[in-house]
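Hi,

Here is the structure I said I'd pass on. Have a look at it first, and my notes on what turned up follow below.

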Amino acid sequence: MNLLEVQNLKVHFPVKHGVLSRAREFVKAVDDVSFRIAPGETLGLVGESGCGKTTLGRAIVRLVEPTAGRVLFEGEDIAAMSAGECRMRRRRFQMIFQDPYSSLNPRMTLEDIIGEALDIHGLAESKSARAKRVAELLEAVGLDAAYAQRYPHEFSGGQRQRIGIARALAVEPKLIVCDEPVSALDVSVQAQIINLLQDLQQQHGIAYLFIAHDLAVVEHISRRVMVMYLGRIVELAEAKALIRSPKHPYTQALISAVPEVDAETKRQRIVLPGDVPSPIHPPPGCRFHPRCPIAQQPLCATASPEWRETGKNHWAACHLAKSDA
Ligand code: SF4
């Protein structure tokens, strides 16, 4: 049974050219995306900035409204729920953010930041039970329980991310969307936070959608990885298979740019020409065709590639992707 099943999800933002004008154009930030996450699994999501990965993460927890599609969490469609119904269920899916400081109220103590989540969902019967639970959560994320009366500005970036994780854990979620949770941290602190997330997953069976632009980090933490380009998923595979044998030319280029990930095969660096096209007017056919080093015309510029299985649990959207022998 899947914990999360995303079906044909779209998030299109209207572009207005004046205060009174009606939107005639839309930024297609997420455009027909489908995938599944099993209980306790980590699914990685990589892609360049602006590819839509953060919007996808936010749409899953309903921090942005989906335009179309379904987001089935334990079989219930979060995308179709009223705001009130969604709030009731938010306990089961949480999000942690790239910039922990901006997501923590600077005027609240840690006890109130973490305790607020307990209050919203009625998870503490008394003031003392609330304080005890906050102390437990601080210790669970490697912080001293005595910090409960301090404020966010008194902590380092890594400690703030731990506070954000403690707040998410307070409601005992089954899924956490981790949006670039280590990108703003020093490398040594990144490793500590990754280890913490892995320990918590083992203890509590939490599933993660782990969003990052750093392929090395994603490969380390994820069982499966999907690659996003211009609002669409272009490849999905088990982490090791994706790194060893990427099928999509965009994934090949991403991997070739990270020497520590590509140590085994030592591929030649693939430098993609041009910039990512506008998500308002994505190219016809394969969206990657203007930058693809192996594009075949007219096929790639006119026909959208099918999402097809190229190997065991390995999927790619490319007309020329080779299947495993
Ligand atoms: Fe390149 Fe064509 Fe494959 Fe798109 S479908 S990735 S343009 S070869």
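F73 has E76 in strand 5 as its bridge partner. The hairpin they make has 2 residues between the strands, and E74 takes a positive phi near 50° there.

Before going further, two caveats. This is a predicted model, so to speak of local features I need pLDDT of at least 70, side-chain atom pairs count only at pLDDT 80 or more, and totals for chains, interfaces and linings use all residues. Numbering runs from 1 along each chain as its sequence is written, and side-chain values use heavy atoms, with hydrogens and water left out.

Strand 1 (residues 4-15) pairs with strand 2 over 10 bridges, antiparallel, and E5 has R36 in strand 2 as its bridge partner.

Strands 11 and 12 form a hairpin with 2 residues between the strands, where N313 takes a positive phi near 55°.

T310 lies in strand 11 and is buried, at a relative accessible area of 2% (buried is under 20%, exposed over 50%, partly exposed in between, with a 1.4 Å probe and protein chains only). What does T310 touch, leaving aside neighbours within four places in sequence? Its contacts (heavy atoms within 4.5 Å) are K247, W315, A316, A321, K322, S323 and D324.

Now the helices. In helix 3 (residues 110-120), L110, E111, I113, I114, G115, A117 and L118 are buried. Helix 4 (127-140) and helix 5 (157-169) are among what covers them. Just after helix 3, G122 takes a positive phi of about 60°. In helix 6 (residues 187-204) you'll find A191, which is partly exposed, with a relative accessible area of 38%. The C-alpha atoms of A191 and V217 are 8.9 Å apart, with the two residues 26 places apart along the chain.

Last, the ligand. Around it (a heavy atom within 4 Å) are H248, P249, C286, F288, H289, C292, I294, A295, C300, C318, H319 and L320. That shell divides into 9 nonpolar, 3 polar and no charged residues (Ala, Val, Leu, Ile, Met, Phe, Trp, Tyr, Cys and Pro count as nonpolar, Asp, Glu, Lys and Arg as charged, the others, Gly among them, as polar).

Cheers

Notes: Helices (H or I, at least four residues) and strands (E, at least two) are DSSP runs, numbered from the N terminus. Two strands pair if DSSP finds at least two bridges between them.
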